[in-house]
Amino acid sequence: MRAGTFVYPWDVVGDPAAPDLLAGLGVAQVTLASAYHSTRALTPRHPRHRIVTAEYAAVLYPPDGNRWAGRGLRPYEAGEWAPGDAYGEAADALAGAGLEVHSWVVLAHNSRMGADHPETSVVNAYGDRYPWAPCIARPDVRTHLVELAVEAAVRPGAAGTELESCGWYGFAHLHAHDKTAGVALGDREQYLMSLCFCRSCREGYGEEGADPDALAAAVRGALEPVWAGVAAGSLGAFEAPALAWRLRCARALQEAAVAAVRAAAPPGFRVLLHADPHPHRCGANVGTDPAHVLALADGVVTPAALVAPFAGPAAPDTVLAANFPVVTGMGGSPSTLIEDAKRAASEGATELRLYHAGLASDADLATVREALRALG
């Protein structure tokens with residue numbers, strides 16, 4: 001089964017041994033970050049550093065000044081963690097080792113945009129803004145994300161792209177010094193806390209036949225038991241219009257982004273979305289209708305446990321890439337990769353994604369190497 005792994009440019013740039021190390025794992029593809037959110041990342045083998053701090057969401061190549069001239073929203077250039085054309089330099093080195101390079105593009109996850117342009121952020125039913133979560137219902141945000149998808153995806157030498165966060169982001173966020181675990185929020189509660197009430201969304205709920213003030217009150221009412229340790233309640237008649245609006249916005253972004261990338265890309269360029277088969281979910285793996293997203297894109301990258309719902313509507317040539325965390329210290333299980341991959345294949349997976357070779361220890365990579373060799 002074809003396998004690929006995620007990598008950051010800073011895992012490769014300045015480390016001449018990195019390309020051959022990655023090729024030696026037995027992967028055919030590297031999904032290389034070209035636009036990425038803020039992070040603090042370990043680089044356990046790099047000869048020059050051990051920690052890279054990406055201070056804000058940025059593109060990891062020089063953005064096209066003509067493309068972004070006069071736009072209120074534009075991508076931020078990376079600082080010292082990825083200077084110049086870090087993506088291009090890493091991509092060339094990886095291709096030189098015989099690896100196929102695909103771009104990895106993070107879209108609706110950008111804390112700096114929310115700080116600089118607070119009006120672009122998701123607003124919950126209590127009036128709290130989520131600066132890390134651009135509201136995809138806003139036309140200016142959607143236009144920006146589509147332009148970013150095109151520029152960051154269709155990089156020189158890229159054979160395809162994987163679009164992450166191409167849909168709703170919400171409450172959940174691996175924020176620095178998070179203090180949000182005092183009350184457990186399950187899947188339902190996360191959804192309610194992620195419903196947006198910015199001006200665009202309030203108008204959208206109205207278009208779906210729901211009074212936005214009444215809907216916000218219903219959300220707060222449904223969440224009230226949660227703060228006392230009880231599960232969230234129902235939105236009643238508001239359930240359908242709330243989800244319908246979010247689905248409409250997500251579909252509009254996904255349709256526009258995939259179409260624009262295809263129009264700019266060379267023949268054979270492959271477009272995958274990081275996706276979840278449950279439409280109400282949001283985050284890196286955005287909630288989708290499997291049949292709809294597979295009619296748009298060449299396939300999806302999804303957590304291994306979520307492959308099966310995509311298998312039903314998948315065409316024979318659809319890519320269903322099961323994503324496996326393989327960093328033991330981050331909850332991954334490289335020791336069970338052989339069995340896990342076989343199980344995913346039996347449920348419809350056609351490829352593997354390994355998260356994430358740049359972060360993994362030598363011991364984890366050795367286990368991955370053996371597993372891929374055994375899987376053939």
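This is a predicted model: local features need pLDDT of at least 70, side-chain atom pairs count only at pLDDT 80 or more; totals for chains, interfaces and linings use all residues.
1. Ground rules: local features need pLDDT of at least 70 and side-chain atom pairs count only at pLDDT 80 or more, while totals for chains, interfaces and linings use all residues. Numbering runs from 1 along each chain as its sequence is written, and side-chain values use heavy atoms, with hydrogens and water left out.

2. The whole structure has 20 salt bridges (a side-chain nitrogen of Lys or Arg within 4 Å of a carboxyl oxygen of Asp or Glu). I'd start with Arg-2 and Glu-351, whose closest N and O atoms are 3.6 Å apart. Arg-2 sits in strand E1 and Glu-351 in strand E14, so the pair ties together parts 349 residues apart in sequence (strands are DSSP E runs of at least two residues, helices H or I runs of at least four, numbered from the N terminus).

3. Have a look at burial there too: Glu-351 counts as buried at 6% relative accessibility, whereas Arg-2 is partly exposed at 27% (buried is under 20% relative accessible area, exposed over 50%, partly exposed in between, with a 1.4 Å probe and protein chains only).

4. Asp-187 in helix H6 pairs with Arg-281, which lies in the loop between strands E10 and E11. Their closest N and O atoms are 3.0 Å apart. Asp-187 is partly exposed at 36%, and so is Arg-281 at 26%.

5. Asp-213 and Arg-202 also form a salt bridge, with the closest N and O atoms 2.4 Å apart. Asp-213 is in helix H8 and Arg-202 in helix H7, 11 residues apart.
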